[in-house]
Every structure is written in structure tokens, then in C-alpha cells.
Amino acid sequence: MHAHVQSESESDPLARERGHLAASRSALRAMREDAEALDIRDVTANWVNAAVLERQLDERIKSLADLAHTPLFFGRLDYLHAPGAEQAEGAEGEQFYIGRRHVHDADGDPMVIDWRAPVSQPFYRASKKDPMDIALRRRFGYTAGDLTAYEDEHLSDATEAEQTSKLLQQEIERPRVGPMRDIVATIQPEQDEIVRSELGGSVCVQGGPGTGKTAVGLHRVAYLLYAHRERLARTGTLVIGPNASFLHYIEQVLPALGELEVKQATVDDLVAHVEVRGTDDSAAALVKGDARMAEVLRNAVRSHVTLPTEPVVVVRGSRRWRVPAYELEEIVRELLARDIRYGAARDALPQRIAHAVLVRMEQSGEAPDDRVQDAVARNAAVKAAVKAVWPLVEPAKLVLRLLSDADFLAAHAEGVLSADEQKAVLWAKPARSAKSAKWSAADAVLIDEATDLVARTHSLGHVVLDEAQDLSPMQYRAVGRRCTTGSATVLGDLAQGTTPWATRSWDEALGHLGKGGAVVEELTAGFRVPREVIAYASRLLPDIAPGLAAVDSVRESPGSLAVRRVADIEDLTTEDTAALDAACLEACAESLRQEGSVGLIAADARIPALAAALTAAGVTYLDPGEETTPDTRLTLVPASLAKGLEYDYVVLDEPSAVVAGEPDERTGLRRLYVALTRAVSGLIVVHATDLPGQLT
Ligand SMILES: Nc1ncnc2c1ncn2[C@@H]1O[C@H](COP(=O)(O)OP(=O)(O)OP(=O)(O)O)[C@@H](O)[C@H]1O
């Protein structure tokens with residue numbers, strides 16, 4: 001019986017592969033049981049250790065779970081020689097199964113190799129041109145967790161023609177439901193180069209909509225955590241995204257890859273020193289986001305130092321020790337000249353003064369030790385001198401004063417900001433206290449800069465910055481100081497910049513980030529938007545980002561694009577929009593008849609009307625970032641939140657309103673470009689007023 005099964009599986013490769021899957025799963029089960037059976041009572045001396053160890057063990061047990069819908073392996077590599085033994089005579093070829101995690105059998109021999117391991121790399125990179133010692137690359141196809149298909153490439157066989165992978169096509173074409181998924185099975189060579197680039201260097205990726213920037217950034221974190229586990233566990237990693245709904249959309253990718261410890265935040269989260277309740281007009285926003293503000297803040301912080309004019313007199317027992325003003329001034333000047341934080345210099349000052357006192361004690365024959373120096377540093381006279389010369393600076397109060405007090409601002413912005421620029425940032429109504437001030441998001445960034453001038457910000461090991469094109473120079477600085485000792489992955493698309501300060505060139509942005517040496521890579525193959533739809537959206541490119549090439553869609557399905565005009569409405573803000581609303585609902589209903597998610601994207605100002613229409617029609621819908629369910633697959637998306645998200649079918653309401661929702665035409669067209677590029681399978685544009693000229 002056993003022999004029969006054996007011979008059958010040998011003649012039937014699929015059965016053999018299923019056999020390996022079953023064996024790998026039981027090996028994983030055994031690994032899990034081993035972990036569960038570990039008795040830590042014997043090895044831990046006290047309960048604190050036990051608790052820590054138990055938590056680690058729990059994590060390990062959790063990470064060893066066999067998830068029914070994430071196949072244990074998705075590929076196989078048959079090496080011509082054992083890796084590393086290419087030169088060895090008679091070295092046998094070796095076979096590796098590539099999966100999301102490492103699995104070994106009872107003897108410790110690998111059954112599945114982690115996709116991030118060096119031997120897995122040819123799975124992503126090898127080609128007919130450069131086979132990387134691979135005889136066979138096999139990709140596996142799964143249906144509902146079952147291994148049902150495979151696809152072979154004989155890379156070292158010159159006679160076999162190169163083909164595009166059907167399994168890759170299927171993966172790209174699959175309907176999108178739920179949150180973002182990992183792409184480990186189908187990372188493309190140019191993406192893999194970015195994913196596996198070294199921890200030491202920073203990388204910047206320019207790529208059009210749907211070229212996989214976000215996916216690449218997340219997989220790069222997973223890769224770096226694998227390759228530099230201990231170092232990054234110590235220093236930390238962070239993924240920065242534009243808003244909470246975007247972060248929610250991507251938050252399951254890393255856990256699915258076994259990485260549970262990566263933090264996520266928006267730039268606003270990073271600089272949340274104060275509560276943000278206000279907004280800026282674009283003139284103020286532009287100046288507040290400008291890197292010159294860093295200079296103004298630096299001047300303002302340093303202006304608190306006053307050169308001493310009085311001596312310090314320390315009384316100890318029956319003796320008085322006097323440090324004259326000129327000597328104090330020397331100490332202060334020396335500290336000012338050093339490249340240290342305001343607060344660190346302030347902390348050093350009492351010891352410097354005490355040292356000057358000690359020198360005098362020694363000169364008069366005393367032999368004071370360190371304890372005496374500490375005592376002198378804490379002496380009331382020294383403290384008073386420090387307070388007068390180098391007072392505490394509270395960052396929020398400092399920024400409050402800059403934005404409220406025209407003379408104070410002028411004193412520190414002299415030669416840096418023009419008079420008009422100074423006027424633009426001054427509050428019309430000065431705030432009374434840091435608590436009651438109506439801080440804007442840009443103000444919080446200024447406070448963060450001031451905070452860093454006072455005390456150095458903690459730096460992480462690696463930071464991924466997504467949708468980077470929207471950051472102001474001051475925001476780049478805020479992110480940059482969180483990776484001064486680490487590296488960064490910067491992801492963005494210049495054509496999708498929709499802030500008043502949107503990035504004009506990556507070199508400039510990288511300079512503000514403090515990563516001037518980073519390489520800029522470009523991704524041009526599009527995995528989301530169908531050919532026809534991306535061609536339509538790309539008509540905007542000459543106006544919004546001259547010089548940028550259109551995305552080249554790798555999707556075979558032509559997708560569908562429909563542009564529908566409904567009854568003429570001249571002014572959406574005053575006239576009845578019932579006909580437009582109804583046409584949108586109809587387009588949504590049509591899209592919902594297909595499989596997958598549907599996004600109804602509209603200018604923010606149009607959201608209330610559309611929400612009311614949906615509710616009146618009894619259609620339930622979600623907010624961006626909420627997960628789709630089989631019952632509710634429609635999301636109502638304000639154009640301002642569409643960035644980074646995707647839906648199988650998109651209904652776009654009134655393009656001209658999306659454009660009009662922004663302060664200037666270029667920003668409006670960019671917002672429209674973002675909205676037009678969210679669809680995976682089909683886009684219906686519904687409008688009642690004229691389309692922007694670029695689209696017709
Ligand atoms: N190699 C790949 N294999 C399969 N799917 C991929 C691959 N690369 C990207 N994708 C898919 O394409 C879609 C778009 O990817 P992603 O969101 O990372 O693009 P993006 O460049 O960040 O887009 P945007 O500029 O709109 O934010 C996602 O569904 C992603 O899973």
C-alpha cells in the first residue's frame with residue numbers, strides 16, 4: 001500500500017508536491033508542539049524571568065500557527081549545485097521550498113525556507129539571462145488553501161521560451177477584498193532589488209499609482225528585520241503613512257509576514273506635542289513648512305542665552321570663591337560654539353562653573369574631589385547664574401511667542417523671512433497660552449523642531465516613509481531626526497502631491513530628510529490600474545508632473561472605463577443634485593453586481609449629499625479604512641482620503657468638483673489623478689458639469 005502511494009506520487013508531480021506540503025505542515029505542527037511542551041519552570045530563577053520567557057514563548061507559539069489561507073510555501077528552487085558549492089566537483093543539486101517562514105523536520109533539516117533567506121533570492125531574481133545556478137523555478141497555485149497547480153521555468157534550458165507567469169497574472173487580477181495583502185509570492189525583480197537593498201543605505205522610490213511602492217516598503221521592513229533582527233529589535237522600526245485609514249488598510253501585511261513589532265504612525269502622530277485644533281491658510285502653511293523656519297527657531301532658541309556680566313560667588317564654610325564675569329563669558333561662548341543641544345549645554349554649564357571654582361580651590365592649596373565639584377554645581381549661586389544665563393526653554397511657549405509677537409519674530413527672522421512671510425505666519429489673534437492656542441498641524445511640526453533644538457530626538461534603526469511627496473521640508477526634517485542614526489525608505493509619486501508644499505524634486509526632499517546620499521529608484525510597471533483607465537488618468541500628467549512617464553500597466557484584463565454625463569447642472573453648490581446623485585447610485589449598484597470591493601469617490605464637499613442619497617436608498621456603506629464584509633462592499637471615499645487605497649470598482653463623482661475642492665488648479669488636477677487611479681477592474685466617471693479640459 002505504502003509503496004503504491006510512493007510510486008503514484010513519483011509519477012504525479014502534483015501529488016508529490018502535495019505530499020511535501022502535508023509533511024511540512026506536520027513538521028510545523030511538531031515545531032509548535034515542541035514549543036508548547038517546553039517547561040520553563042526549571043530554567044528560570046525567578047518569576048520576572050519566567051514572565052518574560054513565557055511571553056516570548058507565547059509569541060513563538062503564535063508565530064508557529066499554521067494559517068489555513070496562507071500556504072506554507074509558494075515556490076520551489078532546484079539548484080544545479082548545492083549553494084556555495086558551485087566549484088566543488090560532483091556537488092549534487094539541491095531543492096528548496098520557498099515560503100513565508102522557516103520550517104524544519106525532526107532532524108533539523110529545512111522543509112521550507114524563509115523567502116528572505118539568501119538561497120531564496122533567485123526565486124525573485126533569476127532569469128534566462130542570469131539563471132543564478134537554478135535549473136528549475138516552480139511556482140505553486142492554491143485554491144482555497146489547497147495546492148492545485150504549479151508552473152515551471154527551466155532557467156538553464158536555453159531552448160525553453162521565456163513566458164510571463166499565469167500565476168502572477170492571476171494574483172494581480174484577483175478581486176480585492178479586505179485589507180492589503182502581502183506579495184511575497186510574486187515580488188518582481190525590480191521590486192526585489194529595493195526590498196533587499198542594504199540596511200546601511202537609504203532608498204527613495206519614485207513610482208506612479210499602483211506600481212507597488214507601499215508593498216515594496218512593507219516587504220523591505222520584513223526583509224530588514226530578518227537580516228538584522230537583533231540590531232533592529234534594539235533600535236526599532238517605524239512605518240509612516242498619510243492618515244489613520246491608510247494605516248489601517250496596510251496594518252495586516254507585516255503581521256501576516258510574521259512581523260508583529262513594527263510601529264505605524266502618521267507624521268502628525270510623531271509630532272503630537274500639542275492638541276491640533278486649527279488650520280492654516282496656504283500662505284501661512286507654505287512659510288511654516290519651509291526649511292528656513294528651522295533657522296528662525298534656532299535663532300530664537302539661542303537668543304535665550306545672555307552673556308554673563310556678574311561674577312559668581314560661591315560660599316563654602318568660611319571661604320568665598322569668585323569666578324569673574326569674563327571667565328563665565330568664556331565658558332558660555334565655548335558652549336555656544338559647540339554643536340550640542342541647548343538643553344545639553346544647559347546641563348553642562350553648572351559643572352563647568354564648578355570646575356572653575358575647583359581650580360581656584362586647588363590653587364589655594366585645597367584638594368577637593370568630585371563630590372565637592374558636584375556640591376558646588378548644586379550651589380544656589382551657581383544655579384541662579386545658570387538660570388539667568390541659560391534659562392529653560394519650553395518649545396511650545398517659544399513657538400507661541402514667535403507666532404504671536406511680531407517684534408520677537410522679526411528679531412529672529414531678520415534676513416531669513418521677508419516682511420510678508422513674517423506677516424503670513426503671525427496669528428491674527430495672538431493666543432494667551434500654549435494650552436488655549438489653536439495649534440495647526442504645521443505648528444506642531446515647529447514645536448517638534450524646537451523640542452529637538454533643546455533635546456536630541458530619539459532615532460530609530462529604520463523608517464519607511466510612504467506618500468512622502470506630501471511632506472513639507474519641516475516635516476521631512478521631523479522624520480529625518482527620527483532616523484539620524486538609522487536609514488530610511490522613502491516612497492512617493494511627485495504627480496500625486498496635493499499639499500501646498502508638495503515635493504518638487506526628490507533630491508531636495510532627501511536633503512531635508514538628511515539623507516542626501518540616497519539613491520532614487522523608479523518603478524514603472526503598474527499592478528493595479530487597468531491599461532485603459534491609466535491611459536485616461538495619464539492625460540493629466542503633462543499638467544501635474546511634466547517629465548514623469550506614464551505607468552505601464554502589466555494587467556492583461558483591459559478593465560473597463562465608462563464616462564457618463566447626466567442632466568446638466570451649472571452650479572453644484574446651489575442647484576439640486578438629485579439627478580447626479582441618482583446616477584452615482586446607479587453606477588454603484590451596477591458595480592456591486594460584480595465581485596469585489598466598490599469605492600464611490602467624490603469631492604469632500606459632495607460627501608454629505610451622497611451619504612444622504614445612499615441612506616435614503618437603503619444602501620449601507622463603509623468609511624475608508626473600515627473592512628469590507630460580504631454584505632457591505634461599498635465605501636464612500638472623500639477624495640482627500642483616497643490616496644494609497646484601492647477598490648475593484650470605482651465610481652468617481654463629478655471630476656470638476658474634485659478639482660474645485662483644492663486651492664489651485666494644479667493641486668486639483670493632482671487630486672483628480674489620485675481619484676482616477678484607485679480602480680483595479682473598472683472605473684465609471686459620472687458628471688453633470690463639464691469635465692476638466694485635460695480629460696476630453
Ligand atoms: N509584485 C506584485 N505582485 C502582485 N501584486 C502586486 C505586486 N506589486 C504590487 N502589487 C499590488 O498592486 C497594488 C498596488 O500596490 P501599492 O498599493 O503598493 O502601490 P503604490 O505604488 O503604493 O500605489 P499608490 O501610488 O497609489 O499609493 C496592490 O494591490 C499590490 O498588492
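## Domain arrangement

The centres of domain 3 and domain 4, taken over C-alpha atoms, are separated by 67 Å. These belong to a division of the protein chain into domain 1 (2–163), domain 2 (203–270 + 459–526), domain 3 (312–389) and domain 4 (531–695), with bounds that come from an automatic or database domain assignment.

The model is predicted: local features need pLDDT of at least 70, side-chain atom pairs count only at pLDDT 80 or more, and totals for chains, interfaces and linings use all residues. Residues are numbered from 1 along each chain as its sequence is written.

## Overall fold

The protein chain holds 29 helices and 21 strands; helices (H or I, at least four residues) and strands (E, at least two) are DSSP runs, numbered from the N terminus. Its C-alpha trace spans about 105 × 75 × 50 Å along the principal axes.

Of the 696 residues in the protein chain, 40% count as buried. A residue is buried if 20 or more other C-beta atoms lie within 10 Å of its own, exposed if 12 or fewer, and partly exposed in between, with C-beta atoms placed from the backbone. Among contacts with a separation of 6 or more, 74% are accounted for by residues 24 or more positions apart; two residues are in contact if their C-beta atoms, placed from the backbone, lie within 7 Å.

## Ligand shell

Which residues come nearest to the ligand? Of the 21 residues around the ligand, these are T186, G212, K213, T214 and F527, where a residue is near a molecule if its C-beta atom, placed from the backbone, lies within 6 Å of it. By class, the shell has 6 nonpolar, 10 polar and 5 charged residues. Here Ala, Val, Leu, Ile, Met, Phe, Trp, Tyr, Cys and Pro count as nonpolar, Asp, Glu, Lys and Arg as charged, and the others, Gly among them, as polar.

Helices α5 (166–173) and α7 (213–227) each supply at least two residues of this shell, and the largest share, 3 residues, comes from α7. The ligand lies between domain 2 and domain 4, because both give residues to the shell around it.

## Packing of α22 and α23

Helix α22 (residues 473–480) packs against helix α23 (residues 506–513) at an angle of about 50 degrees, with the axes 7 Å apart. Axes are lines fitted to C-alpha atoms, for helices over the stretch in contact, and angles run from 0 to 180 degrees between N-to-C directions. The two helices are therefore oblique to each other: angles under 35 degrees count as roughly parallel, over 145 as roughly antiparallel, 65 to 115 as roughly perpendicular and the rest as oblique.

The contact involves P473, Y476, R477, V479 and G480 of α22, and A509, H512 and L513 of α23. By class, 5 of its residues are nonpolar, 2 polar and 1 charged.

## Individual residues

E467 is located in the loop between β12 (462–465) and α22. Its phi is near 50 degrees, a positive value in a residue other than glycine, and E467 counts as buried, with 24 C-beta neighbours inside 10 Å. D133, also not a glycine, has a positive phi of about 65 degrees. D133 sits in the loop between α4 (121–125) and β5 (134–143) and is partly exposed, with 19 other C-beta atoms within 10 Å.

A244 is part of helix α9 (residues 244–250) and is partly exposed, with 16 other C-beta atoms within 10 Å. Residues up to four places away in sequence aside, A244 touches T266 and G625.
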